[in-house]
Every structure is written in structure tokens, then in C-alpha cells.
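Subject: Structure for you, with notes

Hi,

Here is the structure I promised. Please open it first and then read the notes below it.

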Amino acid sequence: MIIKMEDVMKRFGRNLALDSFNLEMSKGEVIGLLGPNGAGKTTCIRAIIGLIPVDDGDITVFGTHQNGKNRDIKRRIGYVTQELTIYEELSAQDNLAFFGSLYGLSKEQIAQKIPEVAQIIGLEGRLKEQTKHFSGGMKRRLNIGCALMHDPELIIMDEPTVGIDPQSRNFILEFVKRLASNGASILYTSHYIEEVEAVASKICIMDQGHTIASGTLPELIARIKGDSHILIDVRISSEEKLKELRAIPEIKEAALIDNRYHIVVPGGITVFDKIIAVLSGQTIVNVNSKQPNLEDVFLTLTGKQLRDEA
Amino acid sequence: MFIFNLKRSARDLFGHLILIGFPVVLIAFFNFIYTKSSIFSGIHGQSLPFLTVLTIGFALTFQIYGASLSFETIGSDFFSPMKDRLSASPGDLRMLVISILTTAAIVSFLQTLVVILFSVLILKAPLPMLHLVLPVMMLSIVFHQLLGSVIMLASGSVKTSNAILSTYGSVAPMLIGLYFPLPNTAFFSIVRNYSTPMALANTVIKGIIGNDTSRILSALIPLLAMTILLFLLMRPLIKKVAL
């Protein structure tokens, strides 16, 4: 077992950031930690790395109790921070060399690893340039590269695609998939459902500090398989109508995205007449039903649209 | 780590320009205005050439501003998201702080050296006993680098340290009579010679030039003691940020 978190509690003042949180990760797994902003994803990561002490519960990493002081655990983890943590006044090569040296690599090892990592992150040929002149996507890739210099057994990526263009985002996702196919153990947090769907072999949905559900994508979808998802597009939507929809006892969940009502109804229940009655007076443009996906799982289990929260 | 931090500070060309260019320009400017004049230094009736007073005074003044070399670097590493990345590594972060302080002290010393060499070689400032003056300059640099870092680590704010050091850097030169002469009374003599760490360093250097051992010791001992005190204060403060 690479990571085991048991009933972990972490409080910041009155805010309960982790609430009896549980997580298990085996070697070679790619776990996608999915949750809205403020769900506790970063707190969870910081606790795993040992950057913050927890108030209760237990965390073991590589089978060793995490107390924040074990250098051997730190040496085996590569941490990609959510914010850019590179030295922009220095070159990409200087950055890679510095972080390599922090993890105890010798000069020879650093010299050997730099071109290797540069190729992985697509920055070969740009190594000597000052990174402040890099694009946002290049900086993000270097941010990742700095965590790979020491060949970590566990790579922890905290929202590594925040604030970058779609092209760089795709590059990073492809790159994470490549790492995963090579057997890397990766903990990947995001509030983008499609990212987690794309890279993760196991998904852990968290909200308000605790695990809502975890499993593979088919397992999670199976949990709500019996539900019907009805999508109704209207010309002008209304929060009042949404409240009325939610008040219908047969409706499991209802959400509003732009001018689309997303309604979850348990399978076999006919409630369409009540929905139409509520939406009377609204111009209905389109009505559709669809197969559930991860977004529907999130909506059903948390009662929230992740995209709205993010 | 040392080379890495040297590279980091070398990239701050604007900072170097200010810390070397400003004192050089000010020395040349004041020298141009008061060419060949001589002022009373206030130390045992010893009279020093104005250019010598200016060179020592401005070199010491800009060492105070040079303290930002270390505390701003420590601040950007330990009071920003970078701290998480550094703390997640198995590296010895105390060594990183020590390396930042050492590098900053060396860079500040090189800046002081350039200012002094400019005065001595270009403006022909008489500056005897340079081999003894330079170690005192280094002591003053170490003191101010430690002072800025202690304030920053204790307050947890680069801004606070900057504000305090900037205010001190503006007032301290006035208190040694660098910008304008102070009244020649016993009170102002004490203010001029002992009121601030900069005044202490200035007094030691003038004592060295004037070969006045009691004057040297009277200022050197407290300056040394304060430097050691700051050094001792740094230890728990470093521990606080660099676990």
C-alpha cells in the first residue's frame, strides 16, 4: 500500500477541512481526487506529504507512519504544487538542477537527468532560457519536471493544469497518462471532471472534507445506474423554478447550468407531468435524456454541479 | 546551494545598480560640491578629508539597504507557496537559509568593495588601513543582513522588514552627520558615535584610521555583541520556518 489514510481529521479554526477522511492507494494506481474548490483536496495532499499535522486519525505512506519528519518518505515523493513554484529569475536548467540537488542527486546524476526530464516535459532546447520569458503552459510543465528529477515512486499533482491554455492542458494530460502507463503511482487532484476521467484508474469524490464515494469510473456510474437524467433546455431559466423542481418528492436532484435544468429521477418513476407543470410558462427549447457520466455521479452524490462550484 | 543562490542574486541587476550606482553617484556628487573642503569628524579632534567621510558613510548606509538581499530571498522562499515545495523535499532547509545569508553577505561586501574602490581609485579618496577597514565593513554587513532577516522571520512579513530597514537606513546616516553637520555638543557626540549600529561601525572605522584603540574597542565590542545576539536569535527563527 502506497498511501493509507484512516479517519483523518484536520481542523483550521472552526473549519473542518478533513472530516473522517479515508483513502487507500496501491502501487501503480492513478487516483483522481475530485472535488469542488474548498473540498479539502489540497489539505489532504499536504497531510499525506507531512506538511501539516493532522488532529486525529492515521496516515501511512509507503507503510510508514507519516509524522512529517521522515526524510525517506519525502525522498520517494514528487510533489507538483498547485501554484507555480519555480525560480522565474533562473533558467529551466538551474531550476531542475536545484530541485534535483534538494533530493540528494549528485552533480553527475543531475547532469544525466536534466535532458531526460526536459524531453519528457517538452522543454528540450529551451533549458538555458530564463523561465520568466516562458508561456504559462511551459512554466506549468517545468513545475512538473522539477518534481520528476529524482524518479519519485509516488507523484502527487495538485491541480497541475490550473490557468493554462487547452493545448498545454492536453500535453499535461497525455504526459500523466504516459507516466501512468509506465507504472507510476499518481495522486491527481482536480475540479475538472474530464481531467479525472481521462487520467485516473480510481476516482475519489470528496466534498466538505470527507469521501463521498470512491472506486473506478464504471463502479461509480453503476452506483447511480438506475437513475434517469433528464435535461431540459429553456429560453430563460429561473432559480425559483429550480426550487420548485427540487421540491417534487420524486426528484432525486436538480441543478441549473446556464439555461439547462439537469434533473435526476430514480429509474422507473414517472414524474414528467409534474416537471412540465412546474415549468409551465417557460419556453422549452429541448428535452433530452442521457447515460450517466462522472458529472452525473457527482451531482447525484453531492447534490452539486462541480462546474458551478469550481 | 551556494552557487544556486549566487546565481539568483546575480540576476537582480536593478538591485545591484541601485546598491552600487547610488552610493557612487552620491559620493561623486557631494565631492563635486565640497571639493577640497575638510570637515571636523567629531572624533577626538581628528579631522578627516570629506571624501573619506563620504566614502565610509555611504558604503555603510547602502549596506543597510543591502540587507534586503537576504531577507527578500528568504521571504520569497519561506513566505510563499515555494515553502510547501521546499518543505516537501528531504533537503536541509536550514542550510538553504544559511546559504542565502552567506551569499547575500558576500554580494553586499562586493558591492561595498566596488564603492570603496571607485572612491579610492577614481576620486582619489584617502582611505588608509584598508586591510582593517574592510573586515569592519564585513562585520557591519553581517549585522545588517542578520537584522533584516531576524525582523522578517519574527514578523513573518517582508514588508515589515523592508519598512523598518528603510526607515533605519534613512535616519542612521543623519545621526552620524553624513547629510548635514550635527551640533558639536557632548550629547550629539554620543549620538554621532554610538546611537545606531551604523554609527558604531563608522566609529570603529574612524578609530582605525585615527589609530585610536579605545575608540575602536568602545564601538567594536557592542557591535560584535549585537551581531552575536542576532546570530543566536536566528537559530530558533530558522527552525520555525525551515523544519
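Two strands pair if DSSP finds at least two bridges between them. Strand 4 of chain A and strand 5 (residues 64–65) of chain A meet that cut-off with two bridges, in the antiparallel sense. A:His65 of strand 5 is the bridge partner of A:Thr60. Keep in mind throughout that this is a predicted model.

Strands 4 and 5 of chain A form a hairpin. Two residues lie between them, and A:Phe62 in the turn has a positive phi of about 55°. Strand 4 (residues 56–61) of chain A also runs antiparallel to strand 1 (residues 3–12) of chain A, and five bridges join the two. A:Thr60 comes up again here: A:Lys4 has A:Thr60 of strand 4 as its bridge partner.

**The six-stranded sheet, chain A**

This sheet of chain A is open and mixed, with strand order 6-7-8-3-9-10. Which strands stand at the edges? Strand 6 and strand 10 (210–215) of chain A do, and each pairs on one side only. On average, neighbouring strands are turned by 15° against each other, direction ignored.

Strand 3 (residues 30–34) and strand 8 (residues 185–190) of chain A pair in the parallel sense, with five bridges. Within that pair, A:Tyr188 of strand 8 is the bridge partner of A:Gly32. Helix 1 of chain A packs on this sheet. Helix 1 touches strands 3, 6, 7 (154–158), 8 and 9 (202–207) of chain A, and its direction makes about 150° with that of strand 7.

**The four-stranded sheet, chain A**

The order in this sheet of chain A is 12-13-11-14. The sheet is open and the pairing antiparallel. Strand 12 (253–257) and strand 14 (284–290) of chain A each have a single partner strand, so one side of each is left without a neighbour in the sheet. Neighbouring strands here are turned by 20° against each other on average, direction ignored.

Six bridges join strand 11 (residues 227–234) of chain A to the antiparallel strand 14 of chain A. A:His229 has A:Lys290 of strand 14 as its bridge partner.

- Helix 9 (residues 239–247) of chain A lies across strand 12 and strand 13 (260–266) of chain A, at about 165° to strand 12.
- Helix 11 (residues 294–302) of chain A lies across strands 11, 12 and 13 of chain A, at about 70° to strand 13.

**Where the chains touch**

20 residues of chain A are in contact with 14 residues of chain B. On the chain A side, helix 1 (41–49), helix 2 (71–75), strand 6 (77–80) and helix 3 (92–102) of chain A each supply at least two residues. Which element gives the largest share of that side? Helix 3 of chain A does, with four residues. By class, the chain A side has nine nonpolar, four polar and seven charged residues.

**Helix packing in chain B**

Start with helix 7 (residues 130–155) of chain B. Helix 3 (residues 50–65) of chain B packs against helix 7 of chain B at about 25°, with the axes 8 Å apart. That angle makes the two helices roughly parallel. The crossing of helix 3 and helix 7 of chain B is right-handed. Helix 3 of chain B contributes B:Ala59, B:Leu60, B:Gln63 and B:Ile64 to the contact, and helix 7 of chain B contributes B:Met137, B:Ser140, B:Ile141 and B:His144. The contact residues are five nonpolar, three polar and no charged.

Helix 7 of chain B also packs with helix 11 (residues 213–241) of chain B, at about 35° and with the axes 9 Å apart. This crossing is left-handed. Contact residues from helix 7 of chain B include B:Leu139, B:Phe143, B:Leu146 and B:Val150. Those from helix 11 of chain B include B:Leu223, B:Leu230, B:Phe231 and B:Lys240. By class, the residues of this contact are 17 nonpolar, two polar and one charged.

Best wishes

Key. Residues are numbered from 1 along each chain as its sequence is written. Chains are lettered from A and ligands numbered from 1 in the order in which they are written. This is a predicted model: local features need pLDDT of at least 70, side-chain atom pairs count only at pLDDT 80 or more; totals for chains, interfaces and linings use all residues. Axes are lines fitted to C-alpha atoms, for helices over the stretch in contact, and angles run from 0 to 180 degrees between N-to-C directions. Angles under 35 degrees count as roughly parallel, over 145 as roughly antiparallel, 65 to 115 as roughly perpendicular and the rest as oblique. A crossing is left-handed if the near helix is turned anticlockwise from the far one by less than a right angle, and right-handed if clockwise. Two residues are in contact if their C-beta atoms, placed from the backbone, lie within 7 Å. Ala, Val, Leu, Ile, Met, Phe, Trp, Tyr, Cys and Pro count as nonpolar, Asp, Glu, Lys and Arg as charged, and the others, Gly among them, as polar.
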